[in-house]
Amino acid sequence: MLSYRRCGSSGVLLPEISLGLWHNFGDIDSQSEARGMLLAAFEQGITHFDLANNYGPPPGSAERNFGRILQQDLSAHRDEMIISTKAGHAMWPGPYGEWGSRKHLLASLDQSLERMRIPYVDVFYSHRPDPDTPLEETMSALATAVSSGRALYAGISKYPLPMLRDAVEILRSMGVRTLIYQPPYSILNRWPEAEGIHAWLEQQGIGSIVFSPLAQGMLTDKYVSGIPAGSRAARPDGFLQEQQVIAQQEKIRALHQLAESAGMPLHHLALRWVLQQQGVTSAIIGARSVAQLDDNLRALKGPALTDDILTTIDQLCPAVRKDHAEA
Ligand SMILES: NC(=O)c1ccc[n+]([C@@H]2O[C@H](COP(=O)([O-])OP(=O)(O)OC[C@H]3O[C@@H](n4cnc5c(N)ncnc54)[C@H](OP(=O)(O)O)[C@@H]3O)[C@@H](O)[C@H]2O)c1
């Protein structure tokens with residue numbers, strides 16, 4: 001049912017929709033729902049699971065829970081999956097627990113492999129740009145991850161375009177091809193497009209896997225008239241702030257109306273929009289339940305968005321460079 005797209009000019013195909021484990025897979029979450037989502041996702045053709053060292057809470061627990069479910073239920077299918085992880089955000093105390101040093105990246109990758117009970121990941125990312133560590137050092141850690149067999153491919157997340165260009169070049173000089181870049185991207189957050197990142201990635205043959213295509217849930221019907229209990233914006237451990245929702249509410253309502261007049265829920269409009277944009281290989285969604293996951297996958301069954309709808313979206317939510325973006 002899912003289609004697979006080539007990741008840049010590499011040999012890797014990724015599902016249009018990938019599943020991320022940032023929220024809802026930690027120790028504080030329902031383990032049976034988490035297991036249900038992973039099994040339902042794989043059953044429906046989602047072959048790519050996106051993790052990071054710090055996903056939880058507590059940090060590390062999403063990888064540990066994923067590893068347990070993988071071993072119990074899916075170990076026979078490891079070669080049918082792409083498993084990604086990242087290092088760079090705060091993970092453990094002291095000076096080596098975050099950012100872009102070789103020390104942090106390689107120690108973190110070893111910890112991730114142990115938590116997930118696997119000998120290698122498919123993709124290892126530098127999770128965020130580090131303004132203080134020489135780029136050569138961070139890239140040398142990615143190159144070592146690949147040459148040592150702990151990762152099959154290297155990825156880069158959230159770097160601004162000039163730094164991304166340099167990183168790709170340095171990796172190339174070390175004999176490593178950048179497989180994939182991971183930016184945030186949604187109707188409400190179009191800075192990668194405004195900065196020409198997707199066009200550049202296409203030229204370079206690098207895939208783009210975009211995160212938070214539903215703007216953490218803002219591009220669903222739930223925030224149209226307030227902040228419902230249990231939603232990410234209402235959860236103390238959720239990353240989405242109430243003020244972010246309030247700042248976007250006018251646009252959310254206008255987009256909700258547009259989706260309604262086109263005969264689809266807002267989250268289907270949002271997912272179809274992202275998958276129709278230039279250079280997008282896959283969209284990493286989050287889900288709180290099997291029902292949400294299934295509902296999101298139904299978005300793929302609808303027809304492409306018309307030019308009229310795309311133009312209205314451009315008018316309501318134009319692509320704006322990062323410094324000016326609201327979400
Ligand atoms: N590289 C990076 O720095 C980075 C940063 C962020 C994320 N990511 C990756 O991207 C993944 C996805 O991010 P995200 O979770 O923010 O993605 P998202 O798809 O934009 O938001 C997911 C949230 O939207 C709500 N939702 C989803 N489907 C729904 C539906 N059908 N109906 C109603 N509500 C629905 C749920 O929140 P409620 O709890 O409110 O229901 C869900 O947890 C992460 O797991 C992670 O793998 C990477």
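Start by selecting helices α1 and α2: they cross in a right-handed way. A crossing is called right-handed if the near helix is turned clockwise from the far one by less than a right angle, and left-handed if anticlockwise. Helices here are DSSP runs of H or I with at least four residues, strands are runs of E with at least two, and both are numbered from the N terminus.

Before going on, a word on what you're looking at. This is a predicted model, where local features need pLDDT of at least 70 and side-chain atom pairs count only at pLDDT 80 or more, while totals for chains, interfaces and linings use all residues. Residues are numbered from 1 along each chain, as its sequence is written.

Back to the pair. Helix α1 covers residues 31-43 and helix α2 covers residues 61-74; they pack at about 60°, with axes 11 Å apart. That makes α1 oblique to α2. (Under 35 degrees counts as roughly parallel, over 145 as roughly antiparallel, 65 to 115 as roughly perpendicular, and the rest as oblique. The axes are lines fitted to C-alpha atoms, for helices over the stretch in contact, and angles run from 0 to 180 degrees between N-to-C directions.)

Which residues make the contact? On α1, pick Gln31, Ala34, Arg35, Leu38, Leu39 and Phe42; on α2, pick Asn65, Ile69, Asp73 and Leu74. Being in contact means that two C-beta atoms, placed from the backbone, lie within 7 Å. The α1 and α2 contact residues split into 6 nonpolar, 2 polar and 2 charged. (Nonpolar means Ala, Val, Leu, Ile, Met, Phe, Trp, Tyr, Cys and Pro; charged means Asp, Glu, Lys and Arg; the others, Gly among them, are polar.)

Next, select α4 (residues 135-147) and α5 (residues 161-173), which pack at about 50° with their axes 9 Å apart. So α4 is oblique to α5, and α4 passes α5 in a right-handed crossing. Show Leu135, Glu136, Met139, Leu142 and Ala143 on α4, plus Met163, Asp166, Ala167, Ile170 and Leu171 on α5, to see the contact. This one has 8 nonpolar, no polar and 2 charged residues.

Now jump to Pro213, in the loop between β9 (207-211) and α8 (242-261). Is Pro213 buried or exposed? It's buried, with 30 other C-beta atoms within 10 Å. (Buried takes 20 or more such atoms within 10 Å, exposed 12 or fewer, and partly exposed is in between; C-beta atoms are placed from the backbone.) Leaving out residues up to four places away in sequence, Pro213 touches Tyr185, Ser186, Ala270, Leu271, Val274, Ala283 and Ile285.

Move on to Ala254 in helix α8. With 15 other C-beta atoms within 10 Å, Ala254 is partly exposed.

Then select α9 (residues 266-276). Here 10 of the 11 residues are buried, so α9 is largely enclosed by the rest of the structure. Among the buried ones are His267, His268, Arg272 and Trp273. Their cover includes β9, α8, β10 (282-285), α10 (290-298) and α11 (307-316).

Finally, zoom out to the whole protein, with its 11 helices and 10 strands. Of its 327 residues, 46% count as buried. The C-alpha atoms fill a box of roughly 55 × 40 × 40 Å along the principal axes.
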